[in-house]
Amino acid sequence: MLRYQENNQLHRDFHGTTNTTLDYIADNYGVDALKSILQDTGEKVYKSIHDKLAAGDASELLEHLNWFYFREGAKYQLTVEPDEIKLEVFECPAIRHLKKMGLPVSKHACLQTSEVNAGMCKNTQWESSVEVIGEGHCIQTFRKKEC
Amino acid sequence: MIPSDHFVRFYNEVFKFLDARNGLEDYYLEISRHQEHHCLKHFMEKGLQGMEEYWGQIRVEENCIMSSEVVGDVRYSHMKKCPSLSKVLDNDAEPCEKYCLHCPGWVAPLMTKCGFYYIKYLRALDVPECGSVFSDNLEKISAIRQNLKRDGFKYIFDNFDQREEVEVNKQERLKV
């Protein structure tokens, strides 16, 4: 069950504020600081997902990926195996909205995915990676580490 | 992607990081510049009515419980339940004590740029309820500020110290 239930209206312009923030932090405090904030978001805001992963339960992670990409109107494919979860996003809703608003996409945009995912997996038996195929197209992988 | 539903919880993490480095004020200015993309032309062309339209859309998209009205040359807004702070309080990560300050932090510079005086008032920073007043009538909004102070609001923010700039920008707006 999702810790944060979200079922009502969406304010997609927040993708623009995120984009501005990524650049601001990277430009003024460095990319490592940005990664640290994003990893903290993954570990602390998504504590429920993190703690379940640490206990070997990926159910909330799956629900989170499925619900929020669906809710944002993404075209995606989720493939689940016992030790691996793959999410291929064919058109990132955040990048799509930035383009709709006429805003340049931050060169750090994909860190919001890779570092938040890394934070969710931190100190658990799972690890994450993101392969960027093209702008707005990526494959996110969560894989159980070999013991 | 950070879902737009969860942006404010990320925002909260950013605030904690910046507050520890005394960096909130400069960041608010950056957000204010970003918000110009959505608001500046609209507010310059339509004034208080433009604000009603912009925040009317925000009310729907952000699921705000709020009311607002324009009475003559003053716009009043009362946020009965702020969805932004509500989410930050409903959060497994610790809330930034200064979370509410981001709102006057970006709105006040934008209002100065549009030639409006602005007040944000709250009784507490951990209760998702606040009010705002907008006007280009300094005498009227100053009287409203006095009343808010008398009514015991603990936190009152304004851009009255930017009076010269507000007045210059007001004249520019009236040309539009």
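This is a predicted model: local features need pLDDT of at least 70, side-chain atom pairs count only at pLDDT 80 or more; totals for chains, interfaces and linings use all residues.

Mentor: Chain B has six helices and five strands. Walk along it from the N terminus and the order is α-α-β-β-α-α-β-β-α-β-α. Its radius of gyration is 16 Å, close to the 16 Å that the globule rule gives for 176 residues, so chain B is as compact as a globular protein of that length. As for the inside, 41% of the 176 residues of chain B count as buried. Then look at how the chain meets itself: take the contacts in chain B between residues at least 6 apart in sequence, and 62% of them join residues at least 24 apart.

Now for the place where the two chains touch. Chain B puts 24 residues into the contact, and chain A puts in 33 residues. On the chain A side, the elements that each supply at least two residues are α1 (14-29), α2 (31-45), α3 (47-54), α5 (93-101) and α6 (111-121) of chain A. If you want one helix to click on, pick α1(A): with nine residues, it gives the most to the side of chain A that touches chain B. Sort that side of chain A by class and you get 13 polar, twelve nonpolar and eight charged residues.

Technical notes: Residues are numbered from 1 along each chain as its sequence is written. Chains are lettered from A and ligands numbered from 1 in the order in which they are written. Helices (H or I, at least four residues) and strands (E, at least two) are DSSP runs, numbered from the N terminus. The radius of gyration is taken over C-alpha atoms; the globule rule is 2.2 Å times the number of residues to the power 0.38. A residue is buried if 20 or more other C-beta atoms lie within 10 Å of its own, exposed if 12 or fewer, and partly exposed in between; C-beta atoms are placed from the backbone. Two residues are in contact if their C-beta atoms, placed from the backbone, lie within 7 Å. Ala, Val, Leu, Ile, Met, Phe, Trp, Tyr, Cys and Pro count as nonpolar, Asp, Glu, Lys and Arg as charged, and the others, Gly among them, as polar.
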